[in-house]
Amino acid sequence: MFISMSEPDFVARNPDGSRTFTSVKHPPVREPLYTVGHSIHRQERLIELLKRAGIKVVVDVRSQPFSRRNPHFDRAQLRDALKAAGFRYAFMGDTLGGRPADARMYDSVGHVDYRRVAESGAFRAGLEKLWRSSQKQRVALLCSEEDPRACHRHLLVARALVNQGWPADRMIHIRGNGALIPESELFHQLGLEGSTEWKSPQSVLHKVQPSTSSADFDEPE
């Protein structure tokens with residue numbers, strides 16, 4: 001795999017304006033990264049949206065890969081449907097999920113502290129794996145919310161990637177109506193202007209039992 005060693009050390013921009021220096025070297029971004037929410041769609045609709053965008057690999061970033069209201073999006077059923085439609089499925093909800101199992105990732109009232117999550121070793125490792133793998137095949141991150149503005153795939157994952165140098169216009173959110181919205185249009189709509197906090201908008205439960213591991217997401221050859 002090609003990794004440009006001429007890139008300067010990355011300077012991360014923290015929500016409070018401070019900077020964090022790291023020596024992570026990322027390959028150049030050639031392939032856009034997509035995100036999508038399964039919402040209340042039928043499986044067939046989700047598959048149609050993915051095919052329109054030319055997606056090859058679906059990376060499930062739900063901490064809890066099941067849906068009580070929409071059981072056809074439970075991990076096993078979704079995986080089988082995607083494979084039958086010609087997609088590859090991978091689970092990374094244990095490293096890139098929005099509801100970590102670690103209670104230290106939450107504040108006193110149950111908000112996920114995105115800054116702590118983004119600085120954790122597990123999240124950083126997951127982000128690095130995602131970055132490299134997404135440049136080999138066209139990848140879409142999957143979560144449940146249709147609107148990315150209400151989902152951690154925009155509020156946490158996309159923001160962390162942009163902070164690490166991923167071009168905001170090379171990250172595309174697939175909406176339920178088929179519209180393709182670049183992250184660059186949403187990046188300044190985080191609702192955190194004037195605040196040093198980087199947390200989930202709502203208090204959430206943090207007792208999570210991921211059903212599998214992101215170890216099943218081997219980087220494609």
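Student: Which residues of strand 7 point one way, which point the other way, and are they buried or exposed?

Tutor: Met171 and His173 point one way from strand 7, Ile172 and Ile174 point the other way, and all are buried. Buried means under 20% relative accessible area, exposed over 50%, and partly exposed in between, with a 1.4 Å probe and protein chains only. Before we go on: this is a predicted model, where local features need pLDDT of at least 70, side-chain atom pairs count only at pLDDT 80 or more, and totals for chains, interfaces and linings use all residues. Residues are numbered from 1 along each chain as its sequence is written, and side-chain values use heavy atoms, leaving out hydrogens and water.

Student: What makes strand 7 a partner of strand 3?

Tutor: Two strands pair if DSSP finds at least two bridges between them. Strand 3 (residues 33–37) and strand 7 (residues 171–174) are joined by 4 bridges and run parallel, so they meet that definition. Within this pair, Leu33 stands opposite Met171, and Val36 has Ile174 as its bridge partner.

Student: How do you know that strand 7 also pairs with strand 8?

Tutor: The same test applies: 3 bridges join strand 7 to strand 8, and these two run antiparallel. Ile174 has Leu180 of strand 8 as its bridge partner. The hairpin of the two strands has 5 residues between them, and Gly178 takes a positive phi near 95° there.

Student: Why do strand 5 and strand 8 count as edges of the sheet?

Tutor: The open sheet has 6 strands in the order 5-4-6-3-7-8, with mixed pairing. Strand 5 (88–91) and strand 8 (180–182) each have a single partner strand, so one side of each lacks a neighbour in the sheet. On average, neighbouring strands of this sheet are turned by 25° against each other, direction ignored.

Student: Why is helix 5 called roughly perpendicular to helix 6?

Tutor: The axes of helix 5 (residues 121–133) and helix 6 (residues 152–163) cross at roughly 70° and come within 11 Å. Angles of 65 to 115 degrees count as roughly perpendicular, under 35 as roughly parallel, over 145 as roughly antiparallel, and the rest as oblique. Helix 5 is therefore roughly perpendicular to helix 6.

Student: Which residues make that contact of helix 5 with helix 6?

Tutor: Contact means heavy atoms within 4.5 Å. Helix 5 brings Phe123, Leu127, Leu130 and Trp131, while helix 6 brings Leu156, Val157, Ala160 and Leu161. These residues divide into 8 nonpolar, no polar and no charged.

Student: What makes helix 6 largely enclosed by the rest of the structure?

Tutor: 12 of the 12 residues of helix 6 are buried, so the helix is largely enclosed. Among them are His152, Arg153, Arg159 and Asn163. Just after helix 6, Gly165 takes a positive phi of about 105°.

Student: Which residues of helix 1 are buried?

Tutor: In helix 1 (residues 43–52), Gln43, Arg45, Leu46, Ile47, Leu49 and Leu50 are buried. The buried residues of this helix pack against strand 3, strand 4 (57–60), helix 2 (75–84), strand 6 (139–143) and strand 7.

Student: How many helices and strands does the protein have?

Tutor: There are 7 helices and 8 strands. Helices are DSSP runs (H or I) of at least four residues and strands are runs (E) of at least two, numbered from the N terminus. Of the 221 residues in the protein, 52% are buried.

Notes: Axes fitted to C-alpha atoms, helices over the stretch in contact; angles between N-to-C directions. Nonpolar A, V, L, I, M, F, W, Y, C, P; charged D, E, K, R; others polar.
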